[in-house]
There are 2 protein chains.
Amino acid sequence: MTESRPVGTKGMPREEREAQLVVAGTEEFGRAGYAGASMVEIARRVGVTKPLLYQYFGSKDGLYLACLHRAGGRLTEGVATTMASGGEPERMPLKVLSAIFTTFDHDRYAWRLLRDATVPGSGDIATAAADYRRRLDAFALLGATQLMTSRGLADPVDIEAIAQVWTGVVDSLISWWIDRPDEDATAMTARCARIMDRLFGW
Amino acid sequence: MTESRPVGTKGMPREEREAQLVVAGTEEFGRAGYAGASMVEIARRVGVTKPLLYQYFGSKDGLYLACLHRAGGRLTEGVATTMASGGEPERMPLKVLSAIFTTFDHDRYAWRLLRDATVPGSGDIATAAADYRRRLDAFALLGATQLMTSRGLADPVDIEAIAQVWTGVVDSLISWWIDRPDEDATAMTARCARIMDRLFGW
DNA sequence: CAGTGGTAACTTACCCGAGGGTCACTTCAC
DNA sequence: GTGAAGTGACCCTCGGGTAAGTTACCACTG
């Protein structure tokens with residue numbers, strides 16, 4: 001990325017190798033969950049051995065955190081700019097979906113890291129993941145509030161529920177997408193647009 | 001249940017103990033996922049030790065299967081009778097939700113067993129879970145088809161996506177519900193009715 | 001109504017393999 | 001010869017799984 005070509009020694013510069021490992025880790029953690037994923041398997045994926053992985057990331061938690069921060073950062077950033085761009089409330093869901101699909105077209109497992117139920121209940125990972133979720137939930141809450149005030153507003157707990165359901169919808173769309181590698185981001189967005197139109201008239 | 005009072009020996013008849021263990025297992029598997037759950041923790045929950053758990057269920061997979069079959073059986077049965085009762089397509093989602101909430105009011109983690117991503121990719125559990133999911137998906141697909149033909153029908157892949165999103169919605173509603181133990185089944189159903197009315201006019 | 005055996009419920013103490021984590025070493029470019 | 005990239009071989013804990021024993025109740029016997 002920054003340095004163009006070979007750097008220190010035989011294989012690959014650290015920076016580049018780390019990026020590979022984060023990508024592989026994201027896929028493996030996303031697929032099997034924190035508890036189910038294996039460090040040696042992640043190393044194997046990029047054709048390297050476990051000690052190197054540990055030299056670069058320190059621990060399983062360290063690697064997970066690296067993956068989580070990359071995913072969480074890109075996600076919150078993308079959603080934030082989309083939400084900031086404004087527009088009518090009924091258009092926001094599709095715009096957000098489009099942003100997510102585009103950003104994570106080649107990294108579809110990333111989303112799952114924020115909502116992994118198998119991470120230990122306390123510790124750095126749980127804290128960081130909860131923080132990203134909190135930020136995303138805030139956007140969802142904002143969107144839900146705007147949507148509901150444009151209709152006959154409901155009570156705040158209803159809005160909370162709507163926001164959570166929305167994140168669940170994103171979740172299931174991404175799961176569905178993961179199972180269909182041929183479908184790219186634009187096709188996915190078009191499909192969602194079609195569905196929302198037919199189902200709700202949005 | 002069948003025998004009324006004390007049976008064999010000191011503690012509790014096998015049948016009753018097994019039921020306790022299945023309940024505890026369902027909660028623990030639902031909370032931490034198959035990979036993250038611990039057999040000794042499940043045993044500890046009901047005040048018993050691991051070997052008894054193994055004597056009764058044979059293996060972790062055995063216990064998981066017992067939990068899965070209880071959950072899956074009740075779920076498919078409940079949804080089947082609800083779907084069979086008929087009605088306008090737009091009313092079905094709420095009726096199904098109501099059935100699920102009522103059935104699992106005191107067993108909220110059960111739903112998650114069918115959709116646990118941390119079970120090994122092959123084996124009895126994966127097969128059984130996939131089977132229950134297939135049956136539920138068939139209902140979702142049926143409901144989605146009815147709904148979409150009542151509007152200007154979409155292509156079959158869209159309907160597949162809608163069905164999957166629907167299960168995701170159920171998923172997130174149940175997660176939300178788990179975090180709010182005070183909310184009972186009727187309150188939850190009422191909330192969903194209110195939301196669907198305001199959001200889609202259903 | 002001892003005593004005695006049978007059996008179901010249950011435990012203590014252990015085995016073992018998988019996986020997280022580490023150390024000492026090698027290879028290669030400069 | 002220095003230092004980064006990388007490895008083989010190891011340790012150790014945690015958790016699934018087991019063997020062998022213990023406790024308490026019941027059903028018999030004499």
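This is a predicted model: local features need pLDDT of at least 70, side-chain atom pairs count only at pLDDT 80 or more; totals for chains, interfaces and linings use all residues.
**Chain A overall**

- Chain A has 9 helices and 0 strands; helices (H or I, at least four residues) and strands (E, at least two) are DSSP runs, numbered from the N terminus.
- In sequence order, the pattern of chain A is α-α-α-α-α-α-α-α-α.
- Taken along the principal axes, the C-alpha atoms of chain A fill a box of roughly 65 × 35 × 30 Å.
- Of the 202 residues in chain A, 38% are buried. A residue is buried if 20 or more other C-beta atoms lie within 10 Å of its own, exposed if 12 or fewer, and partly exposed in between, with C-beta atoms placed from the backbone.
- Among the contacts in chain A with a separation of 6 or more, 62% are between residues 24 or more positions apart. Two residues are in contact if their C-beta atoms, placed from the backbone, lie within 7 Å.

**Confidence**

- The mean pLDDT of chain A is 92, and 95% of its residues reach 70 or more; pLDDT is the predictor's confidence in each residue, from 0 to 100.
- Over residues 1-8 of chain A, pLDDT stays under 50. For this stretch the model has 5 contacts beyond four places in sequence.

**The interface between the chains**

- In the contact between the chains, 27 residues of chain B meet 27 residues of chain A.
- On the side of chain B that touches chain A, the elements giving two or more residues are α1 (14-36), α8 (156-178) and α9 (185-200) of chain B.
- Helix α8(B) gives the largest share of that side, 12 residues.
- The side of chain B that touches chain A has 13 nonpolar, 8 polar and 6 charged residues. Ala, Val, Leu, Ile, Met, Phe, Trp, Tyr, Cys and Pro count as nonpolar, Asp, Glu, Lys and Arg as charged, and the others, Gly among them, as polar.
- The copies meet through the same surface, because 100% of the interface residues of chain B are also interface residues in chain A.

**Residues that touch the other chain**

- A:Thr118 lies in the loop between α6 (110-113) and α7 (124-150) of chain A.
- A:Thr118 is buried, with 21 other C-beta atoms within 10 Å.
- The contacts of A:Thr118, leaving out residues up to four places away in sequence, include A:Gly33 and A:Tyr34 in its own chain and B:Ala32, B:Gly33 and B:Thr118 in chain B.
- A:Gly33 is 85 residues from A:Thr118 along the chain, yet their C-alpha atoms are separated by 6.1 Å.
- B:Ser172 sits in helix α8 of chain B and counts as buried, with 21 C-beta neighbours inside 10 Å.
- Not counting residues up to four places away in sequence, B:Ser172 touches A:Gln164, A:Val165, A:Thr167 and A:Gly168.

**Residues in helix α7**

- A:Ala140 is in helix α7 of chain A and is buried, with 25 other C-beta atoms within 10 Å.
- Beyond four places in sequence, A:Ala140 touches A:Ala163, A:Trp166 and A:Thr167.
- B:Asp124 is in helix α7 (residues 124-150) of chain B and is partly exposed, with 15 other C-beta atoms within 10 Å.
- B:Asp124 touches B:Asp61 and B:Leu65, not counting residues up to four places away in sequence.
- From B:Asp124 to B:Ala190 there are 66 residues in sequence and 38 Å in space, C-alpha to C-alpha.

Terms used
Residues are numbered from 1 along each chain as its sequence is written. Chains are lettered from A and ligands numbered from 1 in the order in which they are written.
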